[in-house]
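Dear colleague,

I am passing on the structure we talked about, followed by some notes on what turned up in it. Please read the notes with the model open.

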Amino acid sequence: MERFSFLAITFLFLLHSTTTSIAQTTTAPAPAGPLNITAVLEKAGQFNTLIRLMKSTQIADQINNQLNNSNTGITIFAPTDNAFTSLPPGTLNSLTDQQKVSLIQFHVIPTLITMSQFQTVSNPLRTQAGNTDNGQFPLNVTTAGNQVNISTGVVNTTVSNSLYSDSKLAVYQVDKVLLPLAIFGSAAPAPAPGPASSKEKKKPKAAADEPTASPKEAADASSGSRLHWIKSEMWILSIVIGSFFWLHL
């Protein structure tokens, strides 16, 4: 009997210890690591070009700093690697460093927008690229049912997938690179030439533009020349005749 009691007490002690350990293990909170946008994209896959551009422009550091040190949320439209390879060859290499920064900033909205909130947002959306005026960095979103359509003035695309969403960060996959008008828009047409300035020198008239005498004026001038010639001839003849008679006197 005493042996049975000892075993029972030992069993209860072990059971209590095990239960306490399990309870402590299951209720202990997991350590929360800082949000990292490149880690989110790496886990999703097929975003290597975007990751490289985010790192080279240091926008990844800016996003991570904002996510972990402020209460402001962020929404990111993430083009796939196929979206970048679909661009004309040499497109990225032709951009300056500042244009690359603006291009990536154009894909980042400095507020958190859930899928349902796209139906009520005001256009144009303000991105981290800044100026939303026409010809600069306008980004317009429309919805049709559950489909979210995006227009930049250069390209049109849709949100094809939600990659990540929490209380501070939303990442949406897009299958085209969002090209802003400020970088990829058509060049403004050259201004039409205005009227000639009054200060401009007048062109001299060509010889063919010089006034010519009328036929009557030409005839009168010719007759006058003949009359003058006849008078001259008569005067010479009179001198010759006078000299002849004077010699024979």
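Which residues does Ile-37 touch, not counting residues up to four places away in sequence? In this predicted model, they are Met-54, Ala-60, Ile-63, Asn-64, Ile-76, Leu-169 and Val-171.

Ile-37 is also one of the residues with the most contacts inside the largest nonpolar core, together with Leu-41, Met-54, Ile-63, Ile-76 and Leu-169. That core has 31 residues. At least two of its residues come from each of α2, α3 (48-56), α4 (59-69), β1, α5 (81-85), α6 (97-105) and β6. Another core, of 17 residues, lies apart from it and includes Ile-113, Phe-137, Leu-139 and Ala-170.

Overall layout

The protein chain has 8 helices and 6 strands. Along the sequence they follow the pattern α-α-α-α-β-α-α-β-β-β-β-β-α-α. Of the 249 residues, 29% count as buried. Among contacts between residues at least 6 apart in sequence, 62% join residues at least 24 apart.

The sheet

The 6 strands make an open sheet with mixed pairing, in the order β2-β1-β6-β5-β4-β3. Its edge strands, β2 (108-109) and β3 (140-144), each pair on one side only. Helix α2 (residues 37-44) packs on the sheet and touches β1 (74-79), β5 and β6. The direction of α2 makes about 40° with that of β6.

- β3 pairs with β4 (residues 147-151) in the antiparallel sense over 5 bridges, and Asn-140 stands opposite Ser-151. The two strands form a hairpin with 2 residues between them, and Gly-145 in the turn has a positive phi of about 70°.
- β4 pairs with β5 in the antiparallel sense over 3 bridges. Ser-151 has Asn-156 as its bridge partner in β5. This hairpin has 4 residues between the strands, and Gly-153 takes a positive phi near 95°.
- β5 (residues 156-165) pairs with β6 (residues 169-174) in the antiparallel sense over 5 bridges. Here Asn-161 stands opposite Gln-173.

Gln-173

The side chain of Gln-173 makes a polar contact with that of Asp-175 at 3.2 Å. Leaving aside residues up to four places away in sequence, Gln-173 touches Gln-46, Phe-47, Ala-78, Thr-80, Thr-158, Val-159, Ser-160, Asn-161 and Leu-163.

Helix α4

The buried residues in α4 are Ile-59, Ala-60, Ile-63, Asn-64, Gln-66 and Leu-67. Why do they line one face of the helix? Seen down the axis of α4, they fall within an arc of 165°, so they share that face. An α-helix has 3.6 residues a turn, so residues three or four places apart point the same way. The elements that cover the buried residues of α4 include α2, α3, β1, α6, β2 and β6. On the face turned away from the buried side, α4 carries the exposed residues Asp-61 and Asn-69.

Two of the buried residues named for α4, Ala-60 and Asn-64, are also among those that Ile-37 touches.

Regards

How values were computed. Residues numbered from 1 in each chain as written. Predicted model: local features only at pLDDT ≥ 70, side-chain atom pairs only at ≥ 80, totals over all residues. Heavy atoms only, no water. Pairing = 2+ DSSP bridges. Contact = heavy atoms within 4.5 Å. Axes fitted to C-alpha atoms, helices over the stretch in contact; angles between N-to-C directions. Polar contact = N/O pair within 3.5 Å; in protein donor to acceptor, adjacent residues only side chain to side chain. Core = buried A, V, L, I, M, F, W, Y, C linked by side-chain atoms within 4.5 Å. Buried < 20%, exposed > 50% of the residue type's maximum accessible area, 1.4 Å probe, protein only. Arc of directions from axis to C-beta.
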